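Okay, thanks for coming, everyone. Let me put the structure up and we'll walk through the ligand site together.

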Amino acid sequence: MKAPVHVSVTGAAGQIGYSLLIRIASGQLLGPDQPVILRLIEIEPAMKALEGVVMELQDCAFPLLKGIVPTCDLSEGFSNASWALLVGSVPRKAGMERKDLLGINGKIFTGQGKAIQENAASDIRTLVVGNPCNTNCLIAMDNAPDVPKDRWFAMTRLDENRAKSQLALKAGADVASVKKLAIWGNHSSTMYPNYFDATIDGKPVPEAIADEAWFADDFIPTVQQRGAAIIKARGLSSAASAANAAVDTVQSIITPTESDNCFSVAVHSNGEYGIEPGLIYSYPMKSDGENLSIIEGLDINDFSQEKIKATEAELSEEKSMVADLLP
Ligand code: NAX
């Protein structure tokens, strides 16, 4: 039996947390032979709700779940963690400007970055889900300078999964046959699903779907606005699909990527594809099971270039709005 891995989850009593914790405790995050200890972090007013979540986890009797630590103390919450999934954040309320939201959430991620550096295990890797996730990740990373920059991730996998499904539906193909679809940039409405490099059953997407107008008029807006469409239909934001995407992200990071595929996650940019170094930017990625790398050398056409610069500009602007939180 392997030693248990400590996994910290913030926002554990929220709706994404509710779906995510079951997936982690059942072995879908780190594998069917990897025991886990869950460290569930919430704010004080949500501790009662968290008690209920803990009871439900206990009632699942998961063989791999070796401990549960519900807490609102960050030191305890991140103690010994090898994975930190930062889901909790404050939602945007009516009348709140993006700058206000960045400022409020930014302060949360300052403290969490510091606590991760001080308390987590030496192999800590952090995935930020709470929005605005790229810039929240940047804030946490910059407040934890001793943790290597290649251990910080922000989630764009839900956008990738949404894009792959839309392509499969349009082509009448199996979603598993859609490969190499990467999201570029920010997890926001400027994010760019680059379909030019994607394939369906090995065929380039622009050939498999011979309907040029559909991509700009339908596909890209549908993917970019999918979150809003779900809120409109469900009255609540996406939760199970977001939890699923977090599981997919971690799985893709720790599993070697197939040679004909890639996956999307936002990482610290070192200037690849001319993007401003230091931003947390989503690229096409591959993993050898231990280390990640950005897939380089792709041809970027003028249409894509314009899109990847637009989403970069938004991230640069967000960064300047939180400059006071970056040491
Ligand atoms: P909920 O409002 O249901 O849950 C959030 C939870 O976070 C609450 O229980 C709250 O008490 C807790 N929380 C707030 N501040 C905290 C703090 N400082 N420390 C610990 N916990 C804290 O939201 P939910 O639907 O679960 O969404 C969570 C976040 O995911 C939101 O920011 C949301 O915008 C973001 N999303 C990100 C996605 C992505 O693809 N990156 C997609 C889904 C989702 O929209």
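I'll start with the ground rules, then go to the ligand, then to one phenylalanine.

So, this is a predicted model: local features need pLDDT of at least 70, side-chain atom pairs count only at pLDDT 80 or more, and totals for chains, interfaces and linings use all residues. Numbering runs from 1 along each chain as its sequence is written, and side-chain values use heavy atoms, with hydrogens and water left out.

Who's around the ligand? There are 24 residues surrounding it, and the closest are Gln15, Ile16, Glu42, Ser89 and Asn131; near here means a heavy atom within 4 Å. That shell splits into 12 nonpolar, 11 polar and one charged. On that count Ala, Val, Leu, Ile, Met, Phe, Trp, Tyr, Cys and Pro are nonpolar, Asp, Glu, Lys and Arg are charged, and the others, Gly among them, are polar.

Now the polar contacts, meaning N or O pairs within 3.5 Å. A polar backbone atom of Gly14 sits 3.4 Å from a ligand oxygen. For Met155, a polar backbone atom is 3.3 Å from a ligand nitrogen. His187 uses a polar side-chain atom, 3.3 Å from a ligand oxygen. On its own the ligand has 870 Å² of accessible area (Shrake-Rupley, 1.4 Å probe), and the protein covers 82% of that.

Last stop, Phe215. Is Phe215 buried or exposed? Buried, at 2% relative accessible area, where the cut-off for buried is under 20%, exposed is over 50%, and partly exposed is in between, with a 1.4 Å probe and protein chains only. From its C-alpha to that of Ser316, 101 residues apart along the chain, the separation is 27 Å.

Methods: Polar contact = N/O pair within 3.5 Å; in protein donor to acceptor, adjacent residues only side chain to side chain.
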